[in-house]
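Reader: I'd like to learn how to read salt bridges in a model. Can we walk through some together?

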Amino acid sequence: MKAHVRAAAAAIALAHTLGRRVARVREYETSASCRISVSVRGRIVSGYDHGRHCYVTGALPHLYHHGERSHLMLQPKGFGIFGGFDHDTSCHFLVKVTGSEAHIFDDKEDTYFAYSV
């Protein structure tokens with residue numbers, strides 16, 4: 001998965017689980033901050049990545065990353081767990097939200113990434 005797509009998935013999972021708008025996420029490993037505004041109302045996702053100047057929209061689980069021109073699946077499984085698939089890189093991933101943190105296991109990278117709001 002590309003780093004900015006992973007950050008978008010983390011922001012969407014956090015917004016959905018927390019029930020509020022997310023304005024930015026921070027990746028722990030690189031200390032990078034990604035300005036992505038995301039709100040989730042029911043299943044409807046409305047997001048904008050200010051760094052990449054593109055939208056991420058759709059209805060869970062079917063999302064579209066306008067910057068990559070690619071589909072993204074993010075399926076809520078309950079209790080802050082999401083299964084996902086990035087069509088651009090043919091990559092499965094898993095998101096677990098705990099408090100204000102999202103942990104993503106990226107199958108292609110075979111590693112975990114941590115984000116916070």
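Predicted model: local features only at pLDDT ≥ 70, side-chain atom pairs only at ≥ 80, totals over all residues.

Reader: Where is Arg6 placed, and which residues is Arg6 in contact with, leaving aside neighbours within four places in sequence?

Author: Arg6 sits in helix H1; helices (H or I, at least four residues) and strands (E, at least two) are DSSP runs, numbered from the N terminus. With those neighbours set aside, Arg6 is in contact (heavy atoms within 4.5 Å) with Met1, Ile104, Asp106, Glu109, Phe113 and Tyr115. A polar atom of the Arg6 side chain also lies 3.2 Å from the backbone oxygen of Met1.

Reader: Which residue forms a salt bridge with Arg6?

Author: The general idea: side chains of opposite charge can pair when their charged atoms come close. By the cut-off, a salt bridge is a side-chain nitrogen of Lys or Arg within 4 Å of a carboxyl oxygen of Asp or Glu. Here the partner is Asp106, with the closest N and O atoms 2.9 Å apart. Asp106 lies in strand E10 (residues 101-106) and Arg6 in helix H1, so the pair ties together parts that are 100 residues apart in sequence. As for burial, Asp106 has a relative accessible area of 0% and is buried.

Reader: How many salt bridges does a search of the whole structure find?

Author: That search finds 3. Let's turn to Lys2, which forms a salt bridge with Glu68, the closest N and O atoms being 2.7 Å apart. This pair links distant parts of the chain, 66 residues apart: Lys2 is in the segment before helix H1 (3-18), and Glu68 is in the loop between strand E6 (62-65) and strand E7 (70-78).

Reader: What about Lys2 and Asp88?

Author: Their side chains meet in a salt bridge too, at 3.0 Å from N to O. Asp88 is in the loop between strand E8 (81-86) and strand E9 (91-98), 86 residues from Lys2. Put together, Lys2, Glu68 and Asp88 are linked in a network of salt bridges.

Reader: Are Lys2 and Asp88 buried or partly exposed?

Author: Lys2 counts as partly exposed at 34% relative accessibility, and Asp88 counts as partly exposed at 33%.

How values were computed
Residues numbered from 1 in each chain as written. Heavy atoms only, no water. Buried < 20%, exposed > 50% of the residue type's maximum accessible area, 1.4 Å probe, protein only. Polar contact = N/O pair within 3.5 Å; in protein donor to acceptor, adjacent residues only side chain to side chain.
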